[in-house]
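Subject: Structure for you to look at

Hello,

Here is the structure I promised you. Please open it next to this email and follow along.

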Amino acid sequence: MTKMVIRGNEATALGAKLCRPHVIPAYPITPSTMFPEKISEYIADGELDSQFVLVESEHSAMSAAIGASATGCRVTTATASQGLELMHEMLFIASGMRLPIIMAVGNRALSAPINIWCDHQDTISARDCGWLQFYAERNQEALDLMIMAFKIGEDKRVLLPAMVGLDAFVLTHTMEVVDTPSQDEVDKFLPPYKPTHIYLDPKRPITIGSFGTPEVYMEFRFAQDIAMSKEAPKVIDETFKEWEKAFGRKYQKVTSFETKDADIIIVTMGSMTGTAREAIRKLRAAGKKVGLVKITVLRPFPEKEIKEALAGAKVIAVADRSLSLGHGGPVWAEISSVFVNEAKKPIIQGFIIGLGGRDVLVKDFETITSKCEATIKSGKPEKLVDWINVNYEPLTGVN
Amino acid sequence: MQEQSCKVVSPKELFVSGHRGCAGCGEMNAVRQVLLAAGENSIVANATGCLEVASTAYPQSAWNIPWVHAAFENAAAVASGVDAALIALGRREGVNLFAFAGDGGTFDIGFQALSGMLDRRQKVIYVVFDNEAYMNTGIQRCSSTPYGASTTTSPPGKKSIGSSGSKKPIASIVAAHDIPYVATATIAYHADLKRKVQKACKIGGPAFIHVFAPCPTGWRHGSEDTIEMSRLAVETGVFVLWELEGGYDPSKITVTVKPKERKPVIEYLKAQRRFSHLMDKPAELKKIQDDVDAKCKMFGF
């Protein structure tokens with residue numbers, strides 16, 4: 001273990017490197033460009049023995065990743081925002097073909113208007129693609145989750161691709177102290193990838209990527225859903241435990257902070273969690289019963305863990321850094337679904353926050369808290385989906 | 001006419017019967033010929049299209065070699081990944097790595113991925129099976145469709161002559177990428193086709209073979225006339241069989257099968273109902289003949 005001061009992109013590139021990928025197809029895009037830059041440096045310096053394919057688009061990056069993974073290789077890449085959107089078609093194909101490709105995504109807003117800054121719209125829009133989804137709060141998590149993602153995705157019970165989200169600039173370009181495991185330690189943790197389900201070899205000719213008629217298509221999807229919904233949750237827990245044992249850092253699908261007696265629990269993903277934690281400390285010092293739940297794994301959706309973590313709160317405030325136009329925040333909608341069959345339902349309020357790199361500040365969580373206090377008082381939220389720190393009156397003339 | 005004889009490498013059929021290709025499908029015939037020439041030590045990355053749909057309905061497969069399909073526009077990119085993977089695994093030596101796609105998946109939607117793969121000089125042998133329209137979706141015009149052809153998206157009418165564009169010269173565009181080997185071929189001249197496939201395999205890639213593959217369903221000719229249409233295309237000069245080795249130098253293009261006396265294009269056109277609306281339009285027929293004459297002149301005959 002060595003302490004390094006590195007940016008988020010270096011953390012994901014280093015994490016990927018330590019996993020000894022065979023093939024890395026990549027295409028540059030802000031804010032993830034540093035990933036292929038670092039990879040090409042490792043290769044140029046003889047530190048990494050991988051095939052680096054400089055493709056002509058993100059669509060081809062994911063296509064080449066699929067070709068390489070289907071041949072039997074460990075494959076990794078990185079992208080963001082519009083790049084992930086261009087890959088979108090191929091994301092479904094990677095997971096449908098059960099290819100455990102591991103990808104870092106610098107979470108960035110989507111056009112239009114074009115914007116290079118942080119929000120979660122890119123990966124959120126890809127949450128139905130059959131990829132495991134992890135969200136990092138810090139650079140340390142970005143590195144650790146990258147390595148764990150290989151172990152989880154490649155597990156024979158799972159065999160699914162995974163993306164590790166890290167917030168644009170807030171993490172991708174910000175230096176933090178990161179404990180980096182040694183090559184020996186990672187080799188001990190992660191065995192070589194030796195697929196037996198599919199690989200292209202003239203000695204064993206098989207047909208990969210068949211045409212699936214209505215007689216078989218649902219069974220393919222069903223098998224994939226078993227891997228995602230039933231197997232992956234177990235494998236994630238096992239891997240998190242194994243990681244803690246090997247490296248001393250604890251991971252959970254959802255992590256609670258000050259929730260025990262909390263009337264209000266705020267839910268976050270990614271880097272805004274640190275800001276929220278600071279706000280909670282301040283609010284607690286002022287005697288307010290507020291807690292925080294951070295979601296690290298969004299797919300498979302940790303329904304059971306979320307229910308346990310949020311039980312007991314009067315109001316749950318979900319801070320979404322993305323938007324399903326016409327139905328509020330996506331994470332708010334998913335968390336609401338967890339309680340739909342419960343006899344005792346908390347009030348679940350959605351807050352849209354920090355889109356396109358709008359700063360998320362301690363005071364924003366104080367605002368959220370006071371809105372939730374008003375809800376407790378009146379028994380009904382003023383707005384079920386609320387926007388934080390947006391100047392919409394001059395734009396539309398309404399409120 | 002001259003044709004070199006050429007032995008088939010594989011004693012075993014590598015693309016087998018039982019697939020769902022239409023009766024008289026030129027593409028299925030071409031695929032069988034390409035693989036018999038290449039042999040068992042081959043891998044195919046296939047684009048979406050007739051070939052993929054007709055040959056791989058799960059759990060059946062017509063392929064006796066390793067085969068992978070991902071999507072429509074990316075056969076060249078998927079093959080690029082396979083190429084890199086084989087190198088990484090130390091299994092690249094001796095493997096013929098093919099990308100197979102139709103004309104829609106090559107001239108149009110797959111053009112960027114093709115150009116990228118060629119630019120990266122990856123050892124992929126890209127074979128386009130050209131039946132001159134989006135046949136899998138039911139005969140829609142693409143940039144390979146010849147002038148005047150009737151398709152479901154270029155119907156002739158009061159204000160339409162049929163397809164208004166002229167066929168994109170894909171092999172010449174690929175040749176301009178300065179790659180080691182580019183050739184055109186067609187199924188009626190199987191020895192020529194096999195020789196070209198084997199040359200591409202020997203060179204390794206990037207190589208590009210444009211295979212002209214008549215489609216009875218889309219061209220509306222008899223299913224027993226597929227080979228005849230392929231032959232007529234060459235005999236009239238509609239499709240020129242040529243090859244170029246060693247990089248981009250148009251002066252080094254070799255025409256490999258030269259018709260002794262070129263037949264008039266009308267013989268080719270009148271045999272296919274996709275051109276039947278042109279038969280009472282002498283000015284259009286003359287334009288098509290003039291275009292073919294100009295092309296043949298460019299190729300030196």
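G106(A) has L166(A) as its bridge partner in strand 7 of chain A. This is a predicted model, where local features need pLDDT of at least 70, side-chain atom pairs count only at pLDDT 80 or more, and totals for chains, interfaces and linings use all residues. Residues are numbered from 1 along each chain as its sequence is written, while chains are lettered from A and ligands numbered from 1 in the order in which they are written.

Some terms before we go on. Helices (H or I, at least four residues) and strands (E, at least two) are DSSP runs, numbered from the N terminus. Two strands pair if DSSP finds at least two bridges between them.

Strand 5 (residues 102-107) and strand 7 (residues 162-167) of chain A are parallel and share 6 bridges. Strand 5 of chain A also pairs with strand 4 of chain A, again in the parallel sense, over 4 bridges. There, T77(A) has M103(A) as its bridge partner.

These strands belong to an open sheet of 5 strands, in the order 4-5-7-6-13 (chain A), with mixed pairing. Strand 4 (76-79) and strand 13 (297-299) of chain A are the edges, and each pairs on one side only. Neighbouring strands are turned by 20° against each other on average, direction ignored. Angles run from 0 to 180 degrees between N-to-C directions, and axes are lines fitted to C-alpha atoms, for helices over the stretch in contact.

Helix 6 (residues 139-154) of chain A packs on this sheet. It touches strand 5, strand 6 (132-135) and strand 7 of chain A, and its direction makes about 170° with that of strand 7. Contact here means that the C-beta atoms of two residues, placed from the backbone, lie within 7 Å.

**Buried and exposed**

A residue is buried if 20 or more other C-beta atoms lie within 10 Å of its own, exposed if 12 or fewer, and partly exposed in between, with C-beta atoms placed from the backbone.

Strand 5 of chain A is largely enclosed by the rest of the structure, because 6 of its 6 residues are buried. I102(A), A104(A) and G106(A) point one way, and M103(A), V105(A) and N107(A) the other way. In a regular strand the side chains alternate between the two faces of the sheet.

Helix 1 (residues 8-18) of chain A is also largely enclosed, since 11 of its 11 residues are buried. Among them are N9(A), E10(A) and K17(A). Just after this helix, R20(A) takes a positive phi of about 50°.

T196(A) is exposed, with 7 other C-beta atoms within 10 Å. Its place is in the loop between helix 7 (183-189) and strand 9 (207-208) of chain A. The C-alpha atoms of T196(A) and G72(A) are separated by 8.5 Å, although the two are 124 residues apart along the chain.

Another open sheet has 6 strands, in the order 10-12-11-14-15-16 (chain A), and its pairing is mixed. Its edges are strand 10 (254-257) and strand 16 (385-387) of chain A, each pairing on one side only. The twist averages 25° from one strand to the next.

Strand 15 (residues 347-352) and strand 16 of chain A run parallel and are joined by 3 bridges. In strand 16 of chain A, V385(A) is the bridge partner of G350(A). Helix 12 (residues 362-378) of chain A lies across strand 11, strand 12, strand 14, strand 15 and strand 16 of chain A, at about 145° to strand 14.

**Chain A as a whole**

Chain A has 13 helices and 16 strands. Its C-alpha trace spans about 70 × 55 × 45 Å along the principal axes. Buried residues make up 53% of its 399 residues.

**Where chain B meets chain A**

The contact takes 38 residues from chain B and 38 residues from chain A. Which helix gives the most to the side of chain B that touches chain A? Helix 3 of chain B does, with 11 residues.

Best wishes
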